[in-house]
Amino acid sequence: MQPIQLSVFSETARLKQVVVHNPGPEVDQMVPGMMEKLLFDDILYGDLARHEHGQFRQVLAKVADEVLDIQDLFIEALQDEGVKLAFVEDLRRLVGLPDDTCNLLRDMAPADAARSVIGGLPWDDMPSHTPWEQEFDYRVRPIPNLLFMRDPASVIGDGYSVNSMATWAREREPLILSYVFRHHPRLKHHTDHDKWFDQVTPLVRGEIKAPVSLEGGDILVLSHKVLAVGCSERTQADAIHLLAESLRAHRAEDETSFDHLLMVLMPKKRSAMHLDTIFTRTSEDECLVYPPYFVEGSRELLNVTSIDLRHPELRMSTHPSLLKALRRVGIDLKPIFCGGNDCILQQREQWTDGANAFCLAPGVITSYGRNLATGEALAKAGYRVVTAQAVLTDPALDLLDGNKYLVQIEASELSRARGGPRCMTMPLARDGR
């Protein structure tokens, strides 16, 4: 297997390797009483969600060199018996699994252990553990949010961060990603020198009690010199400063590294849980935005703290908006409005991830087909709107022919999970630098 060289210096360059996760038994295990704790607003019809996700993966494969599933990578990372046993021990420390459950996982083959950690492991006699009127209990609870691969880890430049999740429901995911980066045959050549942020390792070692949260939906690599990071409901300012300090220290050794980190000060509410739910880049000179947070004159305009990484200490300044702050560092973006110009449609379509586009190549993006007004706004900006079905069945349609495309994904089920195409992807490598 060829090693994968981490390289994400852009939100728009052609995709080379990307990690996703097909929603498996973990979404089928969820009952209504678990939804709120597991961060879902509804339970999913798993077969249809898997069909939609399969279509999404096929569209990605039309452009990307490789579309990888985290479950496959995790199984491959656990093939070494010592690695599997170490993972079970770290999982025990992280979530407090009882000894009999740990012994069960230790005795499993790597594929069975990985499936149990992700898909959940019920008790043999579930009714005796779960009175009918109470929420379900599991020997190992399922983690349905792994569908949203963007959050538990991030590739930033030629390094990565093992993120720290804000909620109990997702605490296990970064540990899985940590083991994949450190032990998978195609990734383990990377060292701790390539890791910008990690609160998981000191947590399982008992070195810290309460990690500060940083989630990948808040991290956007806007160029080889500029990051934007949302200070949001899920990402704390202290975590952003730790990331900035790590990048500053790296830049002291390598002056080609990042110069600026723009911290976007966001409202702490579910509708804007991450920066990429209100702002995504679609081409070299365009971005898709939820207008109230980015348009001059709005009462909800988001302020930005710019962190300069080029000096022996972090230097900070404030700016009235992200678009203005980006212009000051050489990135001039034309905003396209999620929901078009109708304020009601803007709110409705932002809620259903209209602003959460994912770039496969410059000007080639995917979004959910249900966001019709957003599609119309992109069409007015010169994007050819096509369905995923057309991309997969029309041999004459080439997404890399130099035109701009919006590929609309079927998502009647996926959209109910409260995450869009960018949320479902973790790029490992893109073209260029």
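Q: How many salt bridges does a search of the whole structure find?
A: A search of the whole structure, which is a predicted model, finds 30 salt bridges.

Q: Where does the salt bridge between D47 and R50 lie, and how far apart are its N and O atoms?
A: The side chains of D47 and R50 meet at 3.0 Å, taken from N to O. Both residues belong to helix α2 (residues 46-61), and because they are 3 residues apart there, about one helical turn separates them. As for accessibility, D47 is partly exposed with a relative accessible area of 48%, and R50 is also partly exposed, with a value of 22%.

Q: Which parts of the chain are linked by the salt bridge between D100 and R139?
A: In the salt bridge of D100 with R139, the closest N and O atoms are 3.5 Å apart. This pair links distant parts of the chain, since D100 sits in helix α5 (residues 99-107) and R139 in the loop between α7 (126-129) and β3 (153-156), 39 residues apart. D100 is partly exposed, with a relative accessible area of 42%, whereas R139 is buried, with a relative accessible area of 16%.

Q: Are R251 and D259 buried or exposed, and which residues are linked in a network of salt bridges?
A: R251 and D259, whose side chains meet in a salt bridge of 2.7 Å from N to O, are both buried. The network of salt bridges links E89, D90, R92, R93 and R106.

Q: What is the backbone angle phi of D353 and of R418, and where are these residues placed?
A: The general idea is that most residues other than glycine have a negative phi. Here D353, although not a glycine, has a positive phi of about 65°; its place is in the loop between α12 (343-351) and β14 (358-361), and it is buried, with a relative accessible area of 2%. R418 is likewise not a glycine and has a positive phi of about 65°, and its place is in the loop between β17 (405-409) and β18 (426-430). At 10% relative accessibility, R418 counts as buried.

Q: What is the order of the strands in the open sheet of 3 strands, and which are its edge strands?
A: In general, the strands of a sheet pair through backbone hydrogen bonds, either parallel or antiparallel. In this structure the open sheet of 3 strands has the order β9-β10-β13, with mixed pairing. Its edge strands are β9 (279-283) and β13 (334-337), each of which pairs on one side only, and neighbouring strands of this sheet are turned against each other by 35° on average, with direction ignored. Strand β10 (residues 286-289) pairs with β13 in the parallel sense over 4 bridges, and V289 has F337 in β13 as its bridge partner.

Q: What volume has the largest pocket, and which residues lie nearest its centre?
A: The general idea is that rolling a probe the size of a water molecule over the atoms shows where empty space is left. The largest pocket has a volume of about 330 Å³. Its lining has 20 residues, and D137, Y138, V140, R141 and W168 lie nearest the centre. The lining divides into 11 nonpolar, 2 polar and 7 charged residues.

Q: How many residues line the second largest pocket, and what elements each supply at least two of them?
A: The second largest pocket holds about 250 Å³ of space. It is lined by 14 residues, of which G340, N341, E376, A377 and K380 are the closest to its centre. Strand β13 and helix α13 (372-380) each supply at least two residues of this lining, which divides into 7 nonpolar, 3 polar and 4 charged residues.

Notes
Residues are numbered from 1 along each chain as its sequence is written. This is a predicted model: local features need pLDDT of at least 70, side-chain atom pairs count only at pLDDT 80 or more; totals for chains, interfaces and linings use all residues. Side-chain values use heavy atoms; hydrogens and water are left out. Buried means under 20% relative accessible area, exposed over 50%, partly exposed in between (1.4 Å probe, protein chains only). Two strands pair if DSSP finds at least two bridges between them. Axes are lines fitted to C-alpha atoms, for helices over the stretch in contact, and angles run from 0 to 180 degrees between N-to-C directions. A salt bridge is a side-chain nitrogen of Lys or Arg within 4 Å of a carboxyl oxygen of Asp or Glu. On a 1 Å grid over the protein atoms alone, a cavity is a set of points where a 1.4 Å probe fits but cannot get out, and a pocket is an open set with protein on both sides within 12 Å along at least five of seven lines; lining residues have an atom within 4 Å of a point. Grid points are joined across faces, edges and corners, and a volume is the space filled by probe spheres set on the points. Ala, Val, Leu, Ile, Met, Phe, Trp, Tyr, Cys and Pro count as nonpolar, Asp, Glu, Lys and Arg as charged, and the others, Gly among them, as polar.
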